[in-house]
Amino acid sequence: MLSKPSKVLIRSRLWLRGSLFIFIVLVSCASHANTSPELTMFDSKGAMAAPGVILKSDATMTITGLINHVVVTQHYRNENPFAVNARYVFPLADESAVHAMTMQIGDRVIKGEIDKKVQAELRFQQAQQAGQQAALVRQQRSNMFVTNVANIGPGEEVQIELKYQEVIDYRSGTFALRFPTTITPRYHPINGVLQTREQSESPRVAKQPAATVFTPSGWITPIYSSSSHSDTAQSEFSLTINIDVGLELVDIQSKYHQIAIENSAFGQYQVALNEPNAVDRDFLLEFKPLQKEQAQAAFFTEQLNNGERFGLLMLLPPDDHFTQTQRLAREMIFVVDTSGSMHGQSMEQAKSALHYALSLLDSNDSFNIIGFDDQIMPMSNKPVPANDFNLRRAERFVYNLQADGGTEIKGALDAVLDGREHLGYVRQVVFLTDGSVSNEDALFKHINAALGDSRLFTVGIGSAPNSYFMRRAADVGRGTFTHIGSSAQVQPKMQQLFDKLAHPAITQLALISDAVSQQLEYWPSPLPDLYFSEPVMVAVKLDNQSAITLTGQTAQGPLAIKLNTQQGQSAQGIARLWARQKIKSLLLYNQQQQVKAQVESLALEHQLLSPFTAFIAIEQTQSSTVAEHNVQAANQLPQGLTMRLPQTDGQSRLHILLGCVLLAGFVVLRLKK
């Protein structure tokens with residue numbers, strides 16, 4: 001017979017083995033659920049149905065001057081023997097002005113109409129319930145959109161075509177355009193907007209009836225397929241870029257993808273994506289003209305049929321204007337996101353960026369580093385001098401940073417923005433994050449209220465950061481946005497950023513009309529500060545002005561540049577860009593409901609998607625059956641993202657579960673003694 005200690009030991013072993021077995025099974029199930037590459041479909045009663053809707057996407061870009069005109073086509077092909085409703089959450093460029101939509105079914109083409117969002121949603125729901133084929137495109141964020149397609153028949157293909165335009169970036173003599181292909185999973189703060197029924201459902205399961213599954217309110221969560229080698233065709237994507245800027249280009253390169261380049265005529269180039277699985281990271285193309293233009297400003301104009309005139313101004317002061325100025329003492333605050341969505345390559349890139357930034361500090365500077373997830377982790381309680389001792393201390397602090405927990409950006413902003421004026425030195429906050437949050441608007445209002453004379457510079461980390469948050473946070477923070485998409489970019493990108501930060505900016509920028517009685521309406525408003533090699537783009541309604549003047553303040557004194565509005569180069573789409581920028585500024589600096597009427601009116605007048613408008617297309621012929629099956633197309637997880645989803649607390653759910661299992665085993669053993 002076994003002694004009592006022996007029995008306890010055997011029981012302990014059995015409980016440990018059982019706990020380990022349960023843990024392995026749970027990990028295996030979670031891993032299996034996360035790596036399935038197929039579309040997951042459920043009928044109106046919540047029962048799983050076989051997947052069978054294939055999604056393909058094509059994009060064609062045409063660049064003329066500073067404006068990029070883009071056509072995106074989504075192909076939904078239903079390979080089931082029954083009709084389905086489909087939904088797709090997808091990204092576009094954060095500055096895109098979506099102005100047209102069509103739906104094609106076979107040879108039939110139905111032009112989309114812009115309508116108030118609530119009315120468009122109601123019309124879509126009625127068409128869906130009546131068995132009509134219909135499509136609805138809405139803006140969830142300025143860089144995140146949702147397409148719903150109702151009643152796709154068996155074996156049928158429906159094409160949804162979207163058109164948008166944007167201004168391409170131009171910095172340090174280099175043009176750049178970016179096309180997002182996937183969405184980083186967003187963190188939803190607990191104290192954010194109350195959840196709707198759609199929010200509370202599992203991201204892979206839609207259990208509402210078919211008539212209400214795609215009725216929309218609140219946040220619609222993307223679903224993810226983590227495998228980049230899926231046997232299905234859902235991730236097929238093609239991209240063609242036609243460049244005609246009127247200049248010979250000396251260098252065209254894609255930072256993260258393979259491309260093929262053709263040069264058919266002088267100044268005309270065609271670039272094609274040449275990579276099969278390319279939807280797990282943003283596409284970035286950069287190109288340089290053979291010779292830099294010497295002009296300080298570029299000016300484009302457009303006149304509409306009703307006589308209204310609009311202008312697009314790009315100001316880029318010469319570099320030596322800044323490099324000859326005296327460097328000012330600075331207080332540098334580095335804020336680094338250590339939440340779960342930064343795990344993997346993003347965290348390594350952030351650490352590399354911080355190490356390099358520390359090496360660029362001057363002995364006259366002071367600094368601090370603050371890490372954050374759902375908790376704040378400062379290196380020091382206050383900024384310290386940038387001497388050898390403190391720099392070595394900072395390097396150890398950066399080395400020990402680990403990614404886990406939720407993305408509570410508001411707490412980090414509270415720790416660094418104090419709303420005060422700082423006399424005798426320049427206070428600059430460098431914020432490194434992937435921006436994977438869903439409460440962006442609340443954060444913009446918070447930055448605006450607490451900024452003081454600090455300047456906020458955002459550094460987007462990772463293969464698919466939330467550029468909507470990053471760019472607008474920098475706009476409100478009177479700073480700039482920098483994107484680091486790979487480890488190879490850390491040094492050049494941080495060097496460019498510090499070149500800007502090390503020298504005074506042109507502040508108090510404004511546009512004034514030479515006609516004293518007239519006030520110009522220009523956007524963004526207020527204009528951001530202007531930094532080294534960093535252009536400012538401004539869209540202006542010209543009316544009858546023959547000349548306008550750009551004014552500002554530099555370290556050497558006032559700046560004034562006069563522009564003749566009759567000499568601008570002719571371009572198409574500037575009116576839409578003006579309206580898009582006005583909508584952006586209205587929403588950025590005001591409560592949504594206060595400016596809803598203005599935004600709605602502008603969007604309807606210029607045929608633009610906005611938070612209060614949507615595109616709707618309805619086929620009038622009724623289908624034979626009403627679809628009772630619903631499917632949501634999956635996005636690819638961003639490259640380098642090794643976690644499943646951002647967590648809402650500081651611990652992994654599996655760790656908590658394991659702890660509970662072991663604790664239960666310990667309690668049972670104690671009770672049986």
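This is a predicted model: local features need pLDDT of at least 70, side-chain atom pairs count only at pLDDT 80 or more; totals for chains, interfaces and linings use all residues.
The expected span of a helix is 1.5 Å times one less than its number of residues. Helices (H or I, at least four residues) and strands (E, at least two) are DSSP runs, numbered from the N terminus. With that in mind, please look at helix α6, residues 345–359: it has 15 residues and reaches 21 Å from its first C-alpha to its last, close to the 21 Å expected at 1.5 Å a residue.

Residues are numbered from 1 along each chain as its sequence is written, and side-chain values use heavy atoms, with hydrogens and water left out.

Let us now consider the chain as a whole. The protein chain holds 14 helices and 37 strands. Of its 673 residues, 55% are buried, where buried means under 20% relative accessible area, exposed over 50%, and partly exposed in between (1.4 Å probe, protein chains only). The accessible surface comes to about 29300 Å², and carbon and sulfur atoms contribute 51% of that surface; such areas come from the Shrake-Rupley method with a 1.4 Å probe, and for residues only the protein chains shown count as cover. Contact means heavy atoms within 4.5 Å. Among the contacts in the chain with a separation of 6 or more, 76% are between residues 24 or more positions apart.

Returning to α6, its buried residues include Met347, Ala350, Leu354 and Leu358.

Next, I turn to helix packing. Two packed helices are described by the angle between their axes and the distance between the axes. Axes are lines fitted to C-alpha atoms, for helices over the stretch in contact, and angles run from 0 to 180 degrees between N-to-C directions. Angles under 35 degrees count as roughly parallel, over 145 as roughly antiparallel, 65 to 115 as roughly perpendicular and the rest as oblique.

The axes of α8 (residues 409–416) and α9 come within 10 Å and cross at roughly 5°. The two helices are therefore roughly parallel. On the α8 side the contact involves Ile409, Lys410, Leu413 and Asp414, and on the α9 side Leu443, His446 and Ile447.

Helix α9 (residues 440–450) also packs against α12, at an angle of about 70° and with the axes 8 Å apart. This angle makes α9 roughly perpendicular to α12. Here Phe444, Lys445 and Asn448 of α9 meet Leu587, Leu588 and Tyr589 of α12.

Helix α12 (residues 574–589) also contains Lys584. Is this lysine, Lys584, buried or exposed? Lys584 is buried, with a relative accessible area of 9%. Its side chain makes a polar contact of 2.8 Å with that of Asp475; a polar contact is a pair of N or O atoms within 3.5 Å, and within protein one must be able to donate a hydrogen and the other to accept it, while residues adjacent in sequence count only if both atoms are side-chain atoms. Beyond four places in sequence, Lys584 is in contact with Glu95, Arg472 and Asp475.

Phe457 lies in strand β27, residues 455–461, and is buried with a relative accessible area of 0%. Residues that Phe457 touches include Val430, Leu497 and Tyr531. Leu273, in strand β18 (residues 268–273), is buried at 15%. The C-alpha atoms of Leu273 and Phe283 are separated by 9.1 Å, and Phe283 is among the contacts of Leu273.
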